[in-house]
Amino acid sequence: MVFSYYPGCTLRTKAKELDRKARLAAKELGIELCEVPEWQCCGGCYPVAKDEIATKLSAVRTLMAAKEADRPVVTVCSACHNVLKRVNDDMKNDPVISDRANRYLQNEVPYQGEAEVLHFLEMLRDKVGFDRIAEKVTKPLTGRKIAAYYGCLLLRPGKVMAFDDPENPTIIEDFIRALGAEAVVYPYRNECCGAYLALEDRDSVKKKSSAVLNGAKAGGADSVITACPLCLYNLQKCGGEIPVLYFTELLFEALGLE
Amino acid sequence: MEQKNLKETVLRISGVNPRKCMKCGKCSGTCPSYDEMEFHPHQFVYMVENGEIEPLMASKSIYRCLTCFACVERCPRQVEPAKLIEAVRLTVIRQQGQNHLKPDAIPALLDEDMPQQALVTAMRKYAK
Ligand code: SF4
Ligand code: SF4
């Protein structure tokens, strides 16, 4: 299986381990990830306003590269995934945005949202299958109690992301179980960690992130996993005792990679 | 800008129809930044409808919204309050000299673990 791969700015810098372990785990599962040539930063957050066009163009370029290569584009970072999927939805379903973006890019053949955008977890669930991943596990995480932290970016808006049930998701819990661990379901797993308020108000972030970690702890979790570098940062900076890891770190470990 | 134009701008760039709101308050009930806001998500909805845009523009509440979309997902009437908040914020920062975050201020806000994602997102949310 071959996919286009969009790492995004943070996986190239502060979250190198998220990137490295995702690539190695994919390889072990027989998946080839081909990096999108000359990719640009997605901008970190989807531009919500109807009249924001230029800020969507870098995402459109990535989507067009995936269409060109005739492969789904896979991302690991929740934020990149949110931006790419929502911009793709605009290109498909919002004629005004789509028309204006295509004019900016002077596309001879207009891009109309033909690419398929997948989060790495969706790729594992829908293209590989969690049962097959379970077969590939050589070091099952037996006895570990792991809490999945979804945050907001993977799930919302539910209709566009179509990632899982936005109020009662199960994909990361199913992933945890496939690796042989026990999944802890707890309150606040799909509420916001405080996001970019990290820059100007750490106390506010601490309040929001502590609610998440306290919920996980009360549920008996020994670690929390996430797909988002900013969630990881915010949860870790809370100073709780529970380790916060990327989901790819667990996969890497369970596949027996070193 | 006059009040009427401001209201039109906010409605146009948000794409929201505040008249769909049935004032249930669910958006504010679910907002993670509720405690830190002077005007709450449901207030944005009716204040925009009433053309009271300037008090919203002057309020720090516009920098407290995390665009987490909880209010959008859980609104029983598909009003999408977060899009109104975004539109009010843009109406402010698109004006000359109104950036909420200036590049010079950033180095002091960083630590060595801060992901790039936080910076690019904040620059997009707080500056034009
Ligand atoms: S949740 Fe929707 S309908 Fe209810 S007050 Fe908020 S915007 Fe209005
Ligand atoms: S998007 Fe903004 S207003 Fe809506 S719930 Fe999240 S923080 Fe509150």
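Buried area is the accessible area (1.4 Å probe) that two parts lose on being put together, summed over both. With that in hand, welcome to the close-up views. This is a predicted model, in which local features need pLDDT of at least 70 and side-chain atom pairs count only at pLDDT 80 or more, while totals for chains, interfaces and linings use all residues. Residues are numbered from 1 along each chain as its sequence is written, chains are lettered from A and ligands numbered from 1 in the order in which they are written, and side-chain values use heavy atoms, leaving out hydrogens and water.

View 1. Between them, chain A and chain B bury about 3800 Å², with 55% of it on carbon and sulfur atoms. On the chain A side, V48(A), Y196(A) and L199(A) lose the most area to chain B, together 22% of what that side buries. In terms of contact (heavy atoms within 4.5 Å), 46 residues of chain A touch 44 residues of chain B.

View 2. A salt bridge here is a side-chain nitrogen of Lys or Arg within 4 Å of a carboxyl oxygen of Asp or Glu. Between chain A and chain B there are 11 salt bridges. One of them joins the side chains of D201(A) and R64(B), at 2.9 Å from N to O. The side of chain A that touches chain B receives two or more residues from each of α3 (78-93), α9 (202-218) and α10 (229-237) of chain A. Helices (H or I, at least four residues) and strands (E, at least two) are DSSP runs, numbered from the N terminus. By class, that side of chain A has 23 nonpolar, nine polar and 14 charged residues. Ala, Val, Leu, Ile, Met, Phe, Trp, Tyr, Cys and Pro count as nonpolar, Asp, Glu, Lys and Arg as charged, and the others, Gly among them, as polar.

View 3. A residue is near a molecule if one of its heavy atoms lies within 4 Å of it. Of the 14 residues around ligand 1, those that come nearest are C21(B), C24(B), G25(B), C27(B) and C75(B). Helices α2 (26-30) and α3 (41-49) of chain B each give two or more residues to this shell. The shell is made up of nine nonpolar, two polar and three charged residues.

View 4. Around ligand 2 you will find, among others, C31(B), C65(B), C68(B), C71(B) and F69(B). Two or more residues come from each of α5 (70-74) and α6 (81-93) of chain B. This shell has 11 nonpolar residues, one polar residue and no charged residues.

**View 5. A salt bridge within chain A.** K85(A) and E122(A) form a salt bridge, their closest N and O atoms being 2.7 Å apart. The pair links distant parts of the chain, with K85(A) in helix α3 and E122(A) in helix α5 (residues 120-128) of chain A, 37 residues apart. Over all chains, the whole structure holds 34 salt bridges.

**View 6. Two backbone details in chain A.** Most residues other than glycine have a negative phi, and most peptide bonds are trans. R156(A) and P157(A) are joined by a cis peptide bond, with omega about -5 degrees. P157(A) sits in the loop between β5 (145-148) and α7 (158-161) of chain A. E38(A), although not a glycine, has a positive phi of about 50 degrees. E38(A) belongs to the loop between β2 (32-35) and α2 (57-69) of chain A.
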